[in-house]
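Thanks for coming. Please look at the sequence and the structure on the screen while I go through a few points.

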Amino acid sequence: MHVDMHQDVWALNNKEGDSNREWLDSRGIWAVNIMGSPGAGKTTVLEQLLPILHRDFRVGVIEGDVATSKDAQRISALGIPVIQLETQGVCHLDGRMVRSGLEALESLRLELLFIENVGNLVCPADFFLGEHARLAVLSTVEGGDKIVKYPTLFRRVSALAVTKTDLLPFTDFDMESAASDFAGFGSGRPVFAVSKSDGIAGVAAWVRTMSRNRARADMADEQR
Amino acid sequence: MHEAGLMASVLEIIDESRRGNNLRRVSAITLQVGELNGALPDALQFAFDALRPEHPWLDPACVLEIEAVEARLQCLDCRYQGPGDSMICPVCQSGLTRLVQGEEFEILGYDGEPDEAGGY
């Protein structure tokens, strides 16, 4: 006997992400999943972003790391609520892990949430956590070829922040070809050049616009 | 990258389905995997063989068939539809494209042997 299934296995893998999304939407929280290599500058981007966004939003962070709470300590030092998820060896966050972080932050009535994924350019791309947008962080010192070498991740993000641009003169990273490689995997997505002292305002403006558009769309839905 | 986990999910899903259909043994499984999916057929086969002993309902001769699905683009500018492994249209170089297929991971179906009437 033959049984026809046509069962999408990814959909099942992402079931927990879908349920997180409902959880976030019902509480009016807009979430960004930040992905990139270890050392790309994901936490540093957050350290620059949070003091800006903190003025307009109740913002919180979920930090994913294989071990330690070093990143959470850096965020906590800014006075921003943060939950550290230690994956104990697992190379990415999944929906189930993130759910426990969401529940721990529930009482804070957040409006904006950043989820910093485990540093890795491969696995995190495959796991939907419930986020509304994905930001890839790639540093100039890693080399511009990473975009085409890790196509799945760069194909599945909504924006790219290129960090450590103050080191551009010392690397062979080419902003133009990086932007065109990135556009090759999906056009119309912003690319931000960020250094320690410059460029973060662009990322902050993107988050602000995206999250407010979302809130406006929700309101329109309710009025319908 | 996560072939072992994916394969474990596949076997769980099929186990549940074959119980619901009163099938004692499963003799063939067919998957459909997009070439942009990231799951490698060889690694899936390896995971299948490694997990086999945990699932006595799998016939010792059960084969795993993996159908590859090529990546296909649709260009919103020139209406090209066809193969493409980046998101740039190979005809007009436009970036306004969408992926029609190539990222899927599906269980298409399986073959099973019914419980004998009155048996087990």
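How many residues of chain A are in contact with how many residues of chain B? 21 residues of chain A are in contact with 24 of chain B, where contact means C-beta atoms, placed from the backbone, within 7 Å.

Before I go on: this is a predicted model, in which local features need pLDDT of at least 70, side-chain atom pairs count only at pLDDT 80 or more, and totals for chains, interfaces and linings use all residues. Residues are numbered from 1 along each chain as its sequence is written, with chains lettered from A and ligands numbered from 1 in the order in which they are written.

Back to the side of chain A that touches chain B. β1(A) gives the largest share, seven residues. By type, that side divides into 10 nonpolar (Ala, Val, Leu, Ile, Met, Phe, Trp, Tyr, Cys and Pro), three charged (Asp, Glu, Lys and Arg) and eight polar (the others, Gly among them).

β1(A) also pairs with β6(B), residues 105-114, in the antiparallel sense over five bridges. Pairing requires at least two DSSP bridges between the strands, and strands are DSSP runs of E, at least two residues, numbered from the N terminus. Gln7(A) has Ile107(B) as its bridge partner in β6(B).

Within chain B, β1(B), residues 23-34, and β2(B) pair in the parallel sense over eight bridges. Val33(B) is opposite Ala68(B) there.

Is β2(B) largely in the open or buried? One of its 12 residues, 58-69, is buried, so β2(B) lies largely in the open; buried means 20 or more other C-beta atoms within 10 Å of the residue's own, with C-beta atoms placed from the backbone.

How values were computed: Helix = DSSP H or I, 4+ residues; strand = E, 2+ residues; numbered from the N terminus. Contact = placed C-beta atoms within 7 Å.
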